[in-house]
Amino acid sequence: MECQVTFVEATAMPARTVLVTGGAGYVGSHAVVQLLSQGHEVVVVDNLVNAPRGNDAASPLTECLRRVQEIAGKTLNFHQMDIMDRSQLDRVFACYSFDYVMHFAALKAVGESVEKPLLYYKNNVGGSITLLEAMKDHNVKKLIYSSSATVYGTPQKLPLTEDHPTGVNCTNPYGKSKYFVEEILKDLVTSDKEWRAVSLRYFNPVGAHESGLIGEDPQGVPSNLMPYIAQVAVGRRPRLQVFGDDYDTPDGTGVRDYIHIQDLAVGHLAAARKLLDPCFQGFRAYNLGTGSGLSVLQLVQAFEKASGRQVPYEVVGRRPGDIAYCYSSASLAKRELGWQAQKGVDEMCESVWRWQSKNPNGYRSS
Ligand SMILES: NC(=O)c1ccc[n+]([C@@H]2O[C@H](COP(=O)([O-])OP(=O)(O)OC[C@H]3O[C@@H](n4cnc5c(N)ncnc54)[C@H](O)[C@@H]3O)[C@@H](O)[C@H]2O)c1
């Protein structure tokens, strides 16, 4: 494996070398833009299981990562590999001297996880264990983990605070895989005081980079609401299906806490500052959400306003396991990370529309 070293400009924060697993995906790519823009050296590993290569198969980078470099005006290092492959991980760890790891790589389709639980546990839990073993052996013991609001299961109390029980009523293997890895991280930091881990529990990431160059590019039928709405607006799909309009909410549709992807990416930099603070020890989980909710129909209306297009929809039956409300308390991240979401629903929808209208077929159209 070739070792490339990229020299970066000095910035106020000391430049770090960061391993980013799953950095060719939706959330990871936006975090990589932030890291590069702040002058850090970034090494992405991704097996591309859920990241399209783009049209130029001969390029060493995916189309998404090429655009990440274009936005940041900096280069990154990319290795196409699976985090379950310990020998490949060892080669990457031997090539660089990492300060910490941001771990995004996972499979994330809730429905698929119900059909293929072993695949999800092997990839998300097994892959995380293999990564942690490699980190331990190469003495890189600082991790930022992509967790999810799904670890809370069905909310017993709203807004969801970080001390809400986790793992209880987690109804699908995907959510459980996120919960299991958090538990593994807690045990790991207890066993060895050198380990530090920050788990970021995302609520509903939406939006795209303001340039319209990178955004969410689901493979096949989108399982999340926002990319589905965007594909309807751009004419790729005839209509949106709204799962139930008889919930106990103002307009009867489900309410969720949507967070702009750029706010989420900035949240990772805030978490990295925490992780590297010499006073920080052990494991800490933070919600990354806005602290308030939007209904399905509110999101549809905001998208119609942003795009000037109609988003036809039909109401169908509720989906099993869906709940009326889910939203975060965002106060712990504000207090301890100095981070707070800045962007509202209009910016979320405008950025998605810019991305979707410029790239109706995602990264494949370029
Ligand atoms: N997007 C969301 O709605 C959401 C919400 C909560 C949590 N998360 C978590 O955030 C993280 C990133 O999510 P995303 O939306 O960017 O998903 P994504 O699928 O766009 O990105 C994940 C990336 O990981 C890669 N990957 C998967 N398994 C791998 C493996 N074994 N080895 C190497 N690479 C592998 C995929 O190719 C993909 O590029 C995931 O851990 C996900 O569980 C996402």
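The legends below describe close-up views of one predicted model.

Residues are numbered from 1 along each chain as its sequence is written, and side-chain values use heavy atoms, with hydrogens and water left out. Because the model is predicted, local features need pLDDT of at least 70 and side-chain atom pairs count only at pLDDT 80 or more, while totals for chains, interfaces and linings use all residues.

**View 1. The largest nonpolar core, with 48 residues.** A nonpolar core is a set of buried Ala, Val, Leu, Ile, Met, Phe, Trp, Tyr and Cys residues joined through side-chain atoms within 4.5 Å, where buried means under 20% relative accessible area, exposed means over 50%, and partly exposed lies in between (1.4 Å probe, protein chains only). The residues with the most contacts inside this core are V20, V68, L76, Y100, M102 and I144. Helix α8 (residues 261-276) gives the most to the core, with eight residues; helices (H or I, at least four residues) and strands (E, at least two) are DSSP runs numbered from the N terminus. A second, separate core has 29 residues, among them V45, Y145, L185 and F283.

**View 2. V27 in helix α1 (residues 26-37).** V27 counts as buried because its relative accessibility is 14%. Leaving aside residues up to four places away in sequence, V27 touches F104, Y202, I261, L264 and H268, a contact being heavy atoms within 4.5 Å.

**View 3. The largest cavity, with about 60 Å³ of space.** On a 1 Å grid over the protein atoms alone, a cavity is a set of points where a 1.4 Å probe fits but cannot get out, and its lining residues have an atom within 4 Å of a point. Grid points are joined across faces, edges and corners, and a volume is the space filled by probe spheres set on the points; by this rule there are three cavities of 30 Å³ or more. The lining of the largest cavity consists of Y26, G207, A208, G215, E216, M226, P227, V352, W355 and Q356. Two or more of the lining residues come from each of α7 (225-233) and α11 (345-358), and α11 gives the most, with three.

**View 4. Helices α7 and α9 and the glycines that follow them.** Helix α7 is mostly covered, since nine of its nine residues are buried, and these pack against β7 (204-206), β8, β10, α9 and α11. Helix α9 (residues 296-307) has twelve residues and reaches 16 Å from its first C-alpha to its last, close to the 16 Å expected at 1.5 Å a residue, the expected span being 1.5 Å times one less than the number of residues. In α9, the buried residues include V296, L299 and F303. Just after α7, G235 takes a positive phi of about 90 degrees, and just after α9, G308 takes a positive phi of about 70 degrees.

**View 5. Backbone angles at N139, N169 and P159.** Most residues other than glycine have a negative phi, and most peptide bonds are trans. N139, in the loop between α5 (117-137) and β5, has a positive phi of about 60 degrees and is exposed, with a relative accessible area of 54%. N169, in the loop between β5 and α6, has a positive phi near 60 degrees and counts as partly exposed at 45% relative accessibility. P159 is placed in the loop between β5 (142-148) and α6 (173-191), and the peptide bond from L158 to P159 is cis, with omega near -5 degrees.

Terms used
On a 1 Å grid over the protein atoms alone, a cavity is a set of points where a 1.4 Å probe fits but cannot get out, and a pocket is an open set with protein on both sides within 12 Å along at least five of seven lines; lining residues have an atom within 4 Å of a point.
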